[in-house]
Amino acid sequence: MSPAEHEPHPLLHTRVRDIPSRTEGELVAVTREHHRGGIRRIAHIRPAGGIEFATSADNIEPAP
């Protein structure tokens, strides 16, 4: 398995919201990871004063 590959994203380095958790933070990276025979796009979000977390890139939207 190859390491995660970074990809460009129009919301990179802007404030976004993870729709399921409603958590907001800066989108610091989007990676493509091999998972169960397919490729998943993972958004890496860093909330203010918090710990970076990951979610599906399909689950993010610009924060208001």
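You're looking at a predicted model, where local features need pLDDT of at least 70 and side-chain atom pairs count only at pLDDT 80 or more, while totals for chains, interfaces and linings use all residues. Residues are numbered from 1 along each chain as its sequence is written, and side-chain values use heavy atoms, with hydrogens and water left out.

**Stop 1: Arg15**

Select Arg15, which sits in strand β2; strands (E, at least two residues) and helices (H or I, at least four) are DSSP runs, numbered from the N terminus. Arg15 counts as partly exposed because its relative accessibility is 45%. Now show Glu24: its side chain makes a polar contact of 3.4 Å with the side chain of Arg15. (A polar contact is a pair of N or O atoms within 3.5 Å; within protein, one must be able to donate a hydrogen and the other to accept it, and residues adjacent in sequence count only if both atoms are side-chain atoms.)

A salt bridge here is a side-chain nitrogen of Lys or Arg within 4 Å of a carboxyl oxygen of Asp or Glu. Arg17 counts as buried at 12% relative accessibility, whereas Glu24, at 23%, counts as partly exposed.

**Stop 2: Asp18**

Step along to Asp18, also part of β2 (residues 15-18). Setting aside neighbours within four places in sequence, Asp18 is in contact (heavy atoms within 4.5 Å) with residues including Thr23, Ile45 and Phe53.

**Stop 3**

Next, highlight β4 (residues 38-46) and β5 (residues 53-56), antiparallel strands joined by four bridges; strands pair if DSSP finds at least two bridges between them. Find Ile42, and opposite it you'll see Ser56 in β5. Six residues lie between the two strands of this hairpin, and in the turn Gly49 has a positive phi of about 65 degrees.

**Stop 3: the core**

Select Leu11, Val16, Leu27, Val30, Ala43, Ile45, Ala57 and Ile60: these eight residues make up the largest nonpolar core. Such a core is a set of buried Ala, Val, Leu, Ile, Met, Phe, Trp, Tyr and Cys residues joined through side-chain atoms within 4.5 Å. β3 (23-35) and β4 are the elements that give two or more residues to this core.

**Stop 4: charged pairs**

The structure holds eight salt bridges. One of them joins Arg32 and Glu7, with the closest N and O atoms 3.7 Å apart. Arg32 is in strand β3 and Glu7 in the loop between β1 (5-6) and β2, so this pair ties together parts 25 residues apart in sequence. Glu7 is buried, with a relative accessible area of 15%.

Finish on Arg41 and Asp58, whose side chains meet in a salt bridge of 3.6 Å, N to O. Asp58 counts as exposed at 63% relative accessibility. Salt bridges with shared partners join Glu5, Glu7, Arg32, Arg41 and Asp58 into one network.

Notes. Buried means under 20% relative accessible area, exposed over 50%, partly exposed in between (1.4 Å probe, protein chains only).
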